[in-house]
Amino acid sequence: MSSATTLIVERLGSRRSAHRWVTLLLIAVGFLVLYPVVRMLWRSFVVDGAFSLSAFGQLFEARGFSSMLADTAIYVIGTVIVATLMGGFLAWAMERTDARINAIAGVLPVIPILVPAIGLIFGYLVLFSPESGYANILLRWLLSLETTSGPISIANFPALIFVTAVSFAPMAYMIVSASLRNADPALEEASRVNGASRWRTFWRVTLPTSRTAILSSALMIAILSVGAFTFPLFIGTPANITTASVFVYRGFSSWPPQQDVAIALAVLLTIVVQIAVLAQLRAARAANRAVIAGKRSSASALQPLGPWRWVVRGFIAFYMTAVLLPLLALITASLLPYRGATVSFDNFSLDNYRSVLSDATSREALINSFSFGAIAAVLAMLIAAVLIYAATVRQRSRGIDLVLYVPAAIPNTALAAAFIVAFAGPPFNLYGTAALLILAYITAFLPQASASATAAVSQLNKELVEASYVSAASPLRTARRIIAPQLLPGLFAGWVIVFFLGVNEVTISVLLAGLDTPVVGQVAVEFFESGRVPHVTAMAVLTFIASLVVVALAYKTVSRAAATSR
Amino acid sequence: MGATAVTSDITADMARNADGDDVKVRASNVIKTYPGKDGLVTALKGVSVEIPQGEMAVLLGPSGCGKTTLLRSIAGLERPEGGEISVSGRTVYSSDHKVYLPPERRAVSMVFQSYALWPHMTVAQNIGYPLACRKVAKAQIAERVQQMMDAVHLGKYGHRYPNQLSGGQQQRVALARAIIADADVILFDEPLSNVDARVREEIRKQIIALQAEFNFAGIYVTHDQVEAGAIATKLIVMNHGEIAQVGRPQELYDNPVSRYVASFMGTTTEVSGTATSIDGMVALDTAVGRVIGKPTSAIVDGDRAVGVFRPEWGHVVHEHPGADHNVWPCVVKLKSFMGAHMEVVVELRTSSGAPVEATVAAPRGSGLREGQCYYLHVPSADLCVLPEGEQ
Amino acid sequence: MGATAVTSDITADMARNADGDDVKVRASNVIKTYPGKDGLVTALKGVSVEIPQGEMAVLLGPSGCGKTTLLRSIAGLERPEGGEISVSGRTVYSSDHKVYLPPERRAVSMVFQSYALWPHMTVAQNIGYPLACRKVAKAQIAERVQQMMDAVHLGKYGHRYPNQLSGGQQQRVALARAIIADADVILFDEPLSNVDARVREEIRKQIIALQAEFNFAGIYVTHDQVEAGAIATKLIVMNHGEIAQVGRPQELYDNPVSRYVASFMGTTTEVSGTATSIDGMVALDTAVGRVIGKPTSAIVDGDRAVGVFRPEWGHVVHEHPGADHNVWPCVVKLKSFMGAHMEVVVELRTSSGAPVEATVAAPRGSGLREGQCYYLHVPSADLCVLPEGEQ
Amino acid sequence: GSNDGSGDPSKITVYSTMIPAVQEKLAADFEERTGIEVDWTREQSSALTRRFHEETAAGKPVADVLTMNEEVYAVDNASMFEDLSDLEGMEAIPEEWRLTDQTFQPTFAPQKIAYSKEKFAGREDELPQDWSDLLDPRFKGGKILFADPRTNQELSSKHLYALAESEGEQFLADFAAQELTVVPSSTPGMEELAAGNGELLAYSYDMNLLAYEDAGAPIGLVGPFEPVVGLSFYTQIPKDAPNVEGARAWVEYLVSPEGQQIINDGVGVSPLGEDIPGSLTMPEAAVNPDPAEALAKLPDYLDLLGLE
Ligand SMILES: Nc1ncnc2c1ncn2[C@@H]1O[C@H](COP(=O)(O)OP(=O)(O)OP(=O)(O)O)[C@@H](O)[C@H]1O
Ligand SMILES: Nc1ncnc2c1ncn2[C@@H]1O[C@H](COP(=O)(O)OP(=O)(O)OP(=O)(O)O)[C@@H](O)[C@H]1O
Ligand SMILES: [Mg+2]
Ligand SMILES: [Mg+2]
């Protein structure tokens with residue numbers, strides 16, 4: 001290395017400049033997250049240079065405001081309860097009982113994330129549409145019902161909540177199972193040897209000790225369901241259910257627009273969610289009284305459940321079915337010329353795939369979505385990892401947490417609109433570019449990236465890093481050789497999540513995708529609106545399969561890199 | 001003046017010694033396997049133990065030898081594949097009769113290595129939990145908990161949460177919780193490995209005192225031989241899922257039956273050679289010449305055997321002690337201060353050239369200097385001769 | 001035959017003893033505070049230490065007294081609020097001159113309590129890392145790493161990952177990594193608290209041997225007084241962020257200046273009373289009568305003071321030893337087997353009625369029986385008289 | 001154009017709500033004639049208008065031609081668009097097809113009712129003949145799919161206004177009492193119908209049928225019923241379009257007989273009337289209620305329909 005490069009590398013690697021880089025990054029991310037929001041608020045609340053809250057007045061008087069609030073409350077609370085119960089119960093069953101099925105322990109939480117929301121919804125529609133739904137036809141035949149429709153309808157609140165919960169349960173599963181894995185199983189064993197039955201132990205020890213994890217997963221799911229859009233739009237509309245996100249969407253997308261009202265609602269949601277996030281951080285801090293006094297027993301004790309084991313396994317199987325069956329239905333539908341066509345080999349063909357793949361735009365969209373998703377996921381994870389690591393090192397995380405979690409509370413529609421307002425025109429002129437989409441994806445999925453990065457960073461042993469410093473390694477070298485390999489597996493998990501979210505994103509894409517930069521979500525909506533639903537299903541299946549391949553390849557690379565970081 | 005017997009003598013002895021008829025834990029031929037990476041790992045290869053009331057059996061052995069597994073099998077936290085276990089005369093597990101009682105239905109308490117205090121309960125709630133599970137009346141629980149907290153010197157800490165206590169205090173809460181339900185059998189899984197040396201000694205004494213008071217049968221796991229010796233009335237040394245030797249600590253210290261047990265009971269120096277019997281003693285021909293010692297297990301003439309002695313059995317002296325065997329000239333390599341005595345590493349000259357090192361305890365102030373030459377003498381009555389084999 | 005001096009004597013002594021002029025670590029008046037729940041916690045209240053080349057200073061003290069904080073301040077992992085620290089004559093921290101060098105720019109290595117081996121690197125990569133950071137040529141690194149692995153008996157384990165090693169082996173990798181870069185100063189933070197008693201002894205000897213070979217200045221943190229005594233050339237007892245006493249282990253063991261230091265250096269028995277000086281000795285009027293001992297720090301006549309003795313300073317005998325002081329009739333309460341000796345707890349009768357307990361070491365086979373009466377004698381030259389005050 | 005890199009004279013960008021099949025044909029034919037390449041995008045009207053509006057507001061115009069269905073927007077923002085009066089062929093377009101000087105309609109798609117041929121097999125006579133037939137008890141219980149009026153508010157409110165005027169407001173309440181199945185918009189409604197859910201879809205258009213006819217799905221259309229409303233495709237050229245010249249050429253092509261034929265063949269009514277082969281005939285009773293008035297009444301209609 002020449003002396004000049006050495007000097008530069010040393011400069012880069014020195015502590016002070018590492019510090020400066022982090023500060024710079026924080027400012028950049030803060031700008032990315034806050035500037036569009038502020039611009040949009042400015043446009044809505046500053047009328048002719050004077051600050052005005054009339055938008056809120058309009059909001060409160062808006063048609064259907066109160067029933068929207070009620071619907072949203074039912075939807076969010078119901079989803080939180082069902083998804084947390086589902087995910088928490090699965091986590092407990094897999095981590096703590098002999099109902100655990102080793103073969104699926106690793107993939108159980110991932111599969112529902114792999115299935116795009118739109119695919120899951122179409123799958124359910126295909127299964128349960130009142131007259132032609134495969135499941136309904138089968139049920140009518142099994143129960144020898146004389147009717148031509150039913151017996152199961154998904155155009156109602158319970159079904160909406162159930163489908164959403166199936167999709168969100170992995171969040172609860174991942175958080176709760178991580179906490180169970182970290183908790184000492186001896187806590188439960190101690191209860192048993194002290195005379196408590198299995199169920200008493202569950203209620204008195206397992207539940208209270210997982211309280212923090214359960215609460216934080218509930219919050220995560222609450223945030224997700226406040227922002228959830230696809231589920232309530234497709235399943236909720238026929239049931240006359242309007243949640244806040246659909247309300248905002250209508251405000252933005254219908255013409256004449258009711259933007260100010262929509263923004264006022266978005267602001268309201270943001271405030272509520274931020275309060276919830278702060279409350280949760282507080283609670284987590286107060287409840288942080290884990291006693292890990294000494295050496296943990298190596299035994300990963302799985303409680304024998306006796307005959308209950310099969311009941312619990314039954315539930316696991318039910319959950320897997322709830323995820324995989326719609327996927328099967330979706331694949332079947334993608335082979336048929338239209339949804340009502342009779343299921344027979346004569347009708348099966350790859351025509352839908354052929355038209356999707358022969359269409360230059362949809363081909364381009366697939367390629368774009370995968371590359372944008374991958375790039376956005378890499379950048380989001382990088383940003384989240386660096387900032388969260390810096391926050392833990394400096395033990396001053398509030399500001400960073402706030403910046404990273406703000407987007408959780410902004411409905412994607414509002415976020416996309418804000419991005420157009422802020423970045424489309426001069427001086428940025430990003431309209432219609434890939435950069436704008438990628439920036440928007442990064443911003444929108446920062447919370448998910450941060451949650452994964454937090455989990456990864458919390459696994460990092462501080463002494464491993466310090467050991468590198470006392471070995472005379474510069475901060476840059478330490479980051480590269482010690483911190484990065486340690487974080488890699490955890491960050492990869494986050495990358496997968498963000499990648500999928502990006503590839504399957506619809507709301508932002510519809511508003512921001514330019515003519516030269518079509519993406520899957522936007523093209524799917526275009527297909528849908530031009531009555532090309534079979535093409536949408538084919539596209540969803542293609543996306544699913546391609547995602548699997550990408551993740552498998554990426555996993556191979558990462559696991560090779562991390563093969564040794566056990 | 002001679003020693004005077006006092007009346008408390010017999011009672012005290014009763015409390016701490018075995019009463020042969022009242023066996024509280026009996027395990028026979030217990031077998032336990034775990035699925036490992038390449039096939040099954042047999043953690044217990046047919047282990048049998050008997051612990052009478054009032055006794056404290058200590059399981060001693062290296063990491064992975066199966067100590068915890070045996071304890072967990074007795075508690076009901078693991079289900080063995082074979083054998084039989086009874087607690088207080090009641091069969092709690094039997095492979096032949098397909099009996100398996102879950103932990104909550106065995107009269108067994110356990111102190112966990114990680115304490116396993118419930119972080120969401122106060123000290124008083126933690127200690128009172130076993131009583132609450134047994135449906136004891138509230139008022140009575142409060143009273144018993146207070147007594148128990150006083151007994152472990154935690155009287156004023158009832159309202160604290162475990163994370164507000166020091167390690168030693170947490171340890172005592174775990175002890176109190178194990179003892180309060182008056183179980184016949186209490187299992188201790190390395191309860192002192194996490195506390196300061198100072199605190200460790202204190203709690204160790206407290207466990208002995210509590211046993212005298214509550215008269216339970218105890219099984220205590222450790223891999224520290226000093227702790228094992230100090231607390232055991234019966235010492236069980238384990239090796240790879242099997243029992244290597246059982247007896248009083250003194251027996252195992254003085255007369256180990258294998259090099260494995262000898263080295264596990266404390267520092268040893270070894271010299272190996274070929275054995276010849278002489279009058280109940282054994283002579284070994286070794287690199288440092290002829291070594292004479294007592295056999296503690298069967299030695300066949302002509303076989304390879306090892307002479308073993310402990311630091312305090314050897315004496316480093318300035319002048320030749322005059323004995324006609326087991327005396328070697330030596331050079332002091334290293335002196336370490338060990339409190340009551342100095343530990344001295346000496347080097348013996350050998351016929352082959354490669355030097356043999358021996359570790360010997362020397363009294364303080366014996367004037368030994370590093371690098372100087374002395375004589376090492378080990379009386380043949382102290383030196384044990386053991387079969388070669390696994391160490 | 002008398003003791004023979006060999007030539008290696010002087011060299012060996014040189015290596016392990018202090019060379020007063022070559023101070024490698026000098027900390028003066030170091031102050032470090034942490035934000036606590038209610039205001040600041042002062043972890044170091046102005047600590048000064050000096051460690052010359054080739055010395056092994058041991059920091060001994062209870063949990064939370066600031067040992068780790070001092071080590072981390074020297075390594076640069078913490079930034080103190082006041083004082084000055086220099087390593088090998090170079091100021092690495094000074095509050096007055098606003099100097100603070102980050103850890104990677106100090107010539108200091110450190111062994112962490114948790115080993116802190118990097119799980120994604122092999123043993124050889126772990127050990128070679130400090131050299132790689134110093135831009136040593138690849139071929140040379142490989143060679144040095146192999147040497148180092150041989151030195152810690154891990155020659156064949158270079159390609160393994162840390163999780164494929166036993167605790168003791170991991171510990172040796174950590175040692176090798178700390179030593180390979182030839183740092184002037186190596187810090188050890190309780191390096192042996194996670195390994196088996198058996199392995200601990202072995203590695204302790206290895207650290208001493210490595211120091212003799214590489215001649216670094218070491219600072220070693222522990223809270224085990226036996227370990228401290230065995231490894232220290234200079235022992236520093238800390239108490240609440242301050243230094244309680246500094247000296248050779250033997251000095252601190254025999255002549256502690258406070259009850260705190262006395263109790264930290266090993267088991268003690270205490271009797272308190274009112275002091276009167278007699279001929280350089282001090283007499284105490286206590287509940288068990290008059291006790292005579294030597295003062296190891298200033299005692300004022302008429303003040304309350306405490307007589308302190310260690311188990312092996314007391315002798316439990318069948319017959320009255322004939323001395324005219326420090327002899328008490330006693331009853332044996334508890335006998336524990338401690339390997340080389342028995343530890344005996346005896347109860348002394350007192351004038352007030354509340355009995356005083358004493359812990360005494362008795363040789364094996366001295367025939368003491370629990371519950372019987374004997375005499376306890378502590379020669380006045382051994383018994384220390386210390387000011388009352390914090391224990 | 002005012003924007004860097006977008007003033008390429010050999011290319012235009014068309015924002016349009018016309019169906020892709022028509023767009024494709026138009027673009028290909030236009031390109032062949034003029035050598036100007038056409039980039040087109042098709043979205044639902046409100047989304048497209050919104051996109052156009054955001055781009056213009058952000059000073060980053062993309063579209064050279066905008067064809068959508070928002071009358072209010074076209075009128076209110078007339079100043080944003082080029083005057084089209086002097087374009088070749090524009091004089092042939094009747095006055096009532098020209099909303100303002102800046103906006104005209106190249107086609108009109110009357111609203112019809114779609115039905116499932118399967119469900120009506122053998123009882124085609126039971127198909128509704130006018131709006132009031134929809135109140136028949138045999139269509140009660142989720143059999144009528146109804147496109148959510150909140151999605152396309154302007155068009156829906158015009159339709160509901162016309163219905164309320166002719167049938168009386170009570171009609172809407174009675175209609176809702178049939179237990180409608182609400183679908184997000186007319187296209188997913190077609191999908192549901194094809195999937196065998198429901199018997200009728202109110203409402204749909206000829207152009208929606210194309211995709212299903214190709215796939216062989218059994219869907220047919222009835223109507224239009226009086227009062228007829230429908231989709232008006234308002235077309236204009238933004239003043240700050242990157243390629244105004246190209247856009248003018250495009251509009252001239254749209255009003256030419258060739259363009260008109262492609263646009264209307266089997267799916268729409270041409271402003272040039274019967275002269276255009278394949279053009280639908282304009283229903284007698286086509287009404288065009290005032291959009292602002294209709295929009296103002298929309299909340300009342302939603303109440304009557306029992307929608308939030
Ligand atoms: N749950 C388990 N699954 C697989 N193998 C296990 C399990 N528990 C223990 N083992 C294996 O069984 C053997 C005995 O383990 P055990 O925990 O009883 O040892 P130990 O003597 O208590 O050791 P330590 O002193 O380290 O606590 C070991 O080889 C261990 O790896
Ligand atoms: N990062 C920190 N934040 C707040 N307080 C701290 C921090 N690190 C140490 N302390 C406090 O400073 C004091 C000294 O801690 P230190 O870790 O130096 O003790 P120690 O002597 O090493 O104890 P141990 O033997 O338990 O390791 C303690 O009261 C501790 O609680
Ligand atoms: Mg164990
Ligand atoms: Mg420490």
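1. Chain A contains 26 helices and 2 strands (DSSP runs, H or I of at least four residues for helices and E of at least two for strands, numbered from the N terminus). This is a predicted model, in which local features need pLDDT of at least 70, side-chain atom pairs count only at pLDDT 80 or more, and totals for chains, interfaces and linings use all residues. Residues are numbered from 1 along each chain as its sequence is written, chains are lettered from A and ligands numbered from 1 in the order in which they are written, and side-chain values use heavy atoms, leaving out hydrogens and water.

2. Of the 566 residues in chain A, 57% are buried (under 20% relative accessible area, 1.4 Å probe, protein chains only).

3. Chain B touches chain A through 33 of its residues, which meet 28 residues of chain A (contact: heavy atoms within 4.5 Å). In chain B, the most area is lost to chain A by B:E104, B:H120 and B:Y129, together 21% of what that side buries (accessible area, 1.4 Å probe, lost on putting two parts together, summed over both).

4. The rule finds 2 salt bridges across the interface of chain B and chain A (a side-chain nitrogen of Lys or Arg within 4 Å of a carboxyl oxygen of Asp or Glu). B:R72 forms a salt bridge with A:E189, with the closest N and O atoms 2.6 Å apart.

5. Chain D does not touch chain B, the nearest C-alpha atoms being 47 Å apart. Chain C and chain D also share no contact, and their closest C-alpha atoms lie 49 Å apart.

Definitions and conventions:
Buried means under 20% relative accessible area, exposed over 50%, partly exposed in between (1.4 Å probe, protein chains only).
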